[in-house]
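Subject: Structure for your review

Dear colleague,

Please find below the structure that I am handing over to you. My findings follow directly after it.

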Amino acid sequence: VKVTFVSSDGTRREVETAEGETAREAALFNDVPGIDGDCGGVCACATCHVHVDPGWIDTVGRLKEGEAEAELLQFAEGANEYSRLACQIPMEAAMEGLVLHVPAQQY
Ligand code: FES
């Protein structure tokens with residue numbers, strides 16, 4: 001499943017991932033800068049914040065109010081309606097070509 005990470009400076013990096021791998025793992029395994037994933041992918045640090053490309057948000061799904069992911073992200077720099085934590089996005093075949101925007105900073 002191909003995913004493209006777009007940095008804040010516009011640099012695009014397309015990486016190949018396996019189904020079931022998370023977008024955080026896809027970024028870390030491929031040295032995509034800007035995704036730290038400090039907590040190891042357990043939805044506790046919010047350093048894997050990404051903005052899902054608006055055209056993909058319905059496929060990926062939005063934050064659900066009241067869930068841990070939404071609670072963490074409400075304090076994240078630049079969070080908006082397209083925000084997700086990359087560690088909470090397991091790759092699926094339907095996400096082929098997914099585009100994720102990486103924020104300039106993770107705090
Ligand atoms: Fe920590 Fe995603 S890696 S919240």
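Of the 107 residues of the protein, 44% count as buried, where buried means under 20% relative accessible area, exposed over 50%, and partly exposed in between (1.4 Å probe, protein chains only). The model is a predicted one, in which local features need pLDDT of at least 70 and side-chain atom pairs count only at pLDDT 80 or more, while totals for chains, interfaces and linings use all residues. Residues are numbered from 1 along each chain as its sequence is written, and side-chain values use heavy atoms, with hydrogens and water left out.

Overall architecture

The protein contains three helices and five strands, which follow one another from the N terminus in the order β-β-α-β-α-α-β-β. Helices (H or I, at least four residues) and strands (E, at least two) are DSSP runs, numbered from the N terminus. The radius of gyration is 12 Å, close to the 13 Å that the globule rule gives for 107 residues, so the protein is as compact as a globular protein of that length. That radius is taken over C-alpha atoms, and the globule rule is 2.2 Å times the number of residues to the power 0.38. The C-alpha trace spans about 30 × 25 × 25 Å along its principal axes.

The accessible surface comes to about 5500 Å², and 46% of this surface belongs to carbon and sulfur atoms. Accessible areas were computed by the Shrake-Rupley method with a 1.4 Å probe; for residues, only the protein chains shown count as cover. Among contacts (heavy atoms within 4.5 Å) between residues at least 6 apart in sequence, 65% join residues at least 24 apart.

Nonpolar core

The largest nonpolar core has 30 residues, of which F5, I35, I89, L98 and L100 touch the most other members. A nonpolar core is a set of buried Ala, Val, Leu, Ile, Met, Phe, Trp, Tyr and Cys residues joined through side-chain atoms within 4.5 Å. Two or more residues of this core come from each of β1, α1 (23–29), β3 (49–52), α2 and β5 (98–101). With neighbours within four places in sequence left aside, the contacts of L100 are V3, T4, F5, V6, A23, V50, H51, V52 and I89.

I89 is also in contact with T22, whose other partners, again beyond four places in sequence, are A86, C87, P90 and M91. T22 is found in the loop between β2 and α1 and is buried, with a relative accessible area of 15%.

Salt bridges and cysteines

Three salt bridges are present, a salt bridge being a side-chain nitrogen of Lys or Arg within 4 Å of a carboxyl oxygen of Asp or Glu.

- K2 pairs with E16, with the closest N and O atoms 3.4 Å apart. K2 lies in strand β1 (residues 2–6) and E16 in strand β2 (residues 12–16), so the pair ties together parts that are 14 residues apart in sequence. K2 is partly exposed at 32% relative accessible area, and E16 is partly exposed at 48%.
- E81 pairs with R62, with the closest N and O atoms 3.6 Å apart. This pair links distant parts of the chain, 19 residues apart: E81 is in the loop between α3 (68–73) and β4 (83–85), and R62 in the loop between α2 (57–60) and α3. E81 is exposed at 53%, whereas R62 is partly exposed at 37%.
- E69 pairs with R84, with the closest N and O atoms 2.6 Å apart. E69 lies in helix α3 and R84 in strand β4, so the pair ties together parts that are 15 residues apart in sequence. Both E69 and R84 are buried.

The structure holds zero disulfides, a disulfide being a pair of cysteine sulfur atoms within 2.5 Å. C39 counts as partly exposed at 25% relative accessibility, and C87 as buried at 8%.

Loop residues

D31 is exposed, with a relative accessible area of 65%, whereas A46 is buried at 8%.

N80 is placed in the loop between α3 and β4 and is partly exposed, with a relative accessible area of 38%. N80 and V52 are 28 residues apart in sequence, and their C-alpha atoms are 10.0 Å apart in space.

Yours sincerely
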